[in-house]
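Visitor: I have a structure on my screen and would like to learn how to read it. Could you walk me through it step by step?

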Amino acid sequence: MSYVLSDGWEMTKRHLRQVPRIPELLFFSLIQPVMFVLLFRYVFGGALRMPPGVDAVQYLMVGIFAQSMTFATAGISTGLADDMQKGLIDRFRSLPMARSAVLVGRMGSDLVRNMFVAVVMVLVGLLVGFRFTGGFWGALGGFGMFAATVLAFGSIGAWIGLSVRNAEAANIAGIIWLFPLTFTSNAFVPLETMPDWLRAWAQVNPITKIVNATRGLFIGPPVFHPFPAVWQALAWCGGLMVVFGFLAVRQYQRANSR
Amino acid sequence: MSENVIVAEGLVKRFGKVHAVSGVDLAVPAGTVLGMLGPNGAGKTTMVRMLTTLLRPDGGRALVGGHDVVAEPNAVRTIMGLSGQYAAVDEYLTGRENLDMFGRLYHLPKREAAARADELLDRFRLTDAADRPAKTYSGGMRRRLDLAAALVVRPKIIFLDEPTTGLDPRGRMGMWEIIRALVRDGATLLLTTQYLEEADELADDIVIIDHGTVIARGTSDQLKAMVGGERVQFTVPSPAAVSRAAAAVLGVTGEDPEVDEETSTVSAPVREGTRSLVAVVNALDGLGIEAHDVGLRRPTLDEVFLALTGHKAEEEAVEA
């Protein structure tokens, strides 16, 4: 048990060392969010009906930031499935290392990578009109919310990657369900515009909670309030992390790569 | 008789309805090499995976270095090294970084892990490539790096799952040298292979596995003796002469000879050694058939495999 952190750190180091050696990966993991920021800003930014007092650009930017963080699942699921295919998971399982270290290491490095993506994305957002109106602590808290989102959705990605076992399939399986999930939240449109049945779901959708919390922190009053949204979002993220972290570790122990 | 350091008793593994391994017993004395021989899909890799704690057996038990693989998996992992069929190293890390990482994951102190990595790179002739990503390595180099990774903590018990599959002849010879050196240093090895000559070359004892069960075991000599004694073998220059030559052999030995049409080779078991050989040569001479590479030889493990399983080892491997 005491080796979880040191073994996990070894694994994090492994992934961070890979980053400069696969520059394409970092490049393309930046392209997509930046592209979305620009598309949403200029294509949808002027077209959406917003409640009074709400700036459409501010509203959409937070939605797209949050959605991009959930895409952390795909990176983790693909990476783990690839390790599995190449026999590395077998190698790790044959070592006297902590059972969760492979997952901890993967999450640690993906957290670093996604925080970098978040910073770049927000900087691009600032260039095209996004503004922090929730103050310094709100801004910092918003990034904290992103970290929680990456860890929660990364756990789901870990479970998917170890279950699917094939890197190409894991890439698709890691991301495909995120589109309906994020689009049926208030990430991009106010809940009031949705039909009743959809709104009922959207209100409990964890993405809605995460987006509400982040809007509360980044944009702030008078329209958006961080609390209780932050607690609800953290409860969701924590719950997802515990459940899928447990499932992923169980899957790791049973892993049978061929 | 020395102590058995790898023991399996009635090991069973099922995948759904498929019985991958059904009741295999093994005992490997300290300091010896057990060759586990069988075609693809025979259950060799499943056996190795159970013995190395990667797969939980459905029945039976296994002890490695005296530790039960199910009850004390971490004790087993600490004392054994595993090198698999696929070179399992991180291809984006350098050879040195890989070995250093594995050393740290075995919980060696930092300095010791680094020193051990240097030592292994040197021993496996990887020093020049040590700071290049493993991606750039040849197949043989990767395989050596993978084996080096298994040897980080100087395990006395080593499992090698098809260590030379996919290597060219030179790579294979190099790997054999390394394996022999490990044995000289006193390691106990369990080695799986599809190549009969490899088992013949490296193993003290051989078990032949097919369809998840042991169909024969013994030393190479014992196994060869199982399919009978010497054979007479020769090649004829023209394919047309093959059937006439085969008929002549049948007439002399009373045994239906084995004929390889492609190489125009005829071989048959004989009972009276050189006397039978002379009789065969005379019969061929009488028919005016010119024969080359005429000789007596003992059966190869290939023939043992064929005799025991009814199919050739390599054929099955291609099919699977």
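Guide: Gladly! Let us begin with a definition: helices (H or I, at least four residues) and strands (E, at least two) are DSSP runs, numbered from the N terminus. Chain B has 12 helices and 14 strands by that rule. Please note that this is a predicted model, where local features need pLDDT of at least 70, side-chain atom pairs count only at pLDDT 80 or more, and totals for chains, interfaces and linings use all residues. Residues are numbered from 1 along each chain as its sequence is written, while chains are lettered from A and ligands numbered from 1 in the order in which they are written.

Visitor: Into which domains is chain B divided?

Guide: Domain bounds come from an automatic or database domain assignment. Here, residues 4-218 of chain B form domain 1 and residues 230-297 form domain 2. Taken over C-alpha atoms, the centres of these two domains of chain B are 43 Å apart.

Visitor: What percentage of the residues of chain B count as buried?

Guide: A residue is buried if 20 or more other C-beta atoms lie within 10 Å of its own, exposed if 12 or fewer, and partly exposed in between, with C-beta atoms placed from the backbone. In chain B, 46% of the 320 residues are buried.

Visitor: Which strands pair with strand 9 of chain B?

Guide: Two strands pair if DSSP finds at least two bridges between them. Strand 3 (residues 33-37) of chain B pairs with strand 9 of chain B in the parallel sense, over four bridges. In this pairing, Met36(B) has Val207(B) as its bridge partner. Strand 10 (residues 213-218) of chain B runs antiparallel to strand 9 of chain B, joined by five bridges. There, Thr213(B) stands opposite Asp210(B). The hairpin of strands 9 and 10 of chain B has two residues between the strands, and His211(B) takes a positive phi near 50 degrees.

Visitor: How many residues does each chain give to the contact between chain A and chain B?

Guide: Two residues are in contact if their C-beta atoms, placed from the backbone, lie within 7 Å. Chain B gives 21 residues and chain A gives 19. On the side of chain B that touches chain A, helix 3 of chain B gives the most, with four residues.
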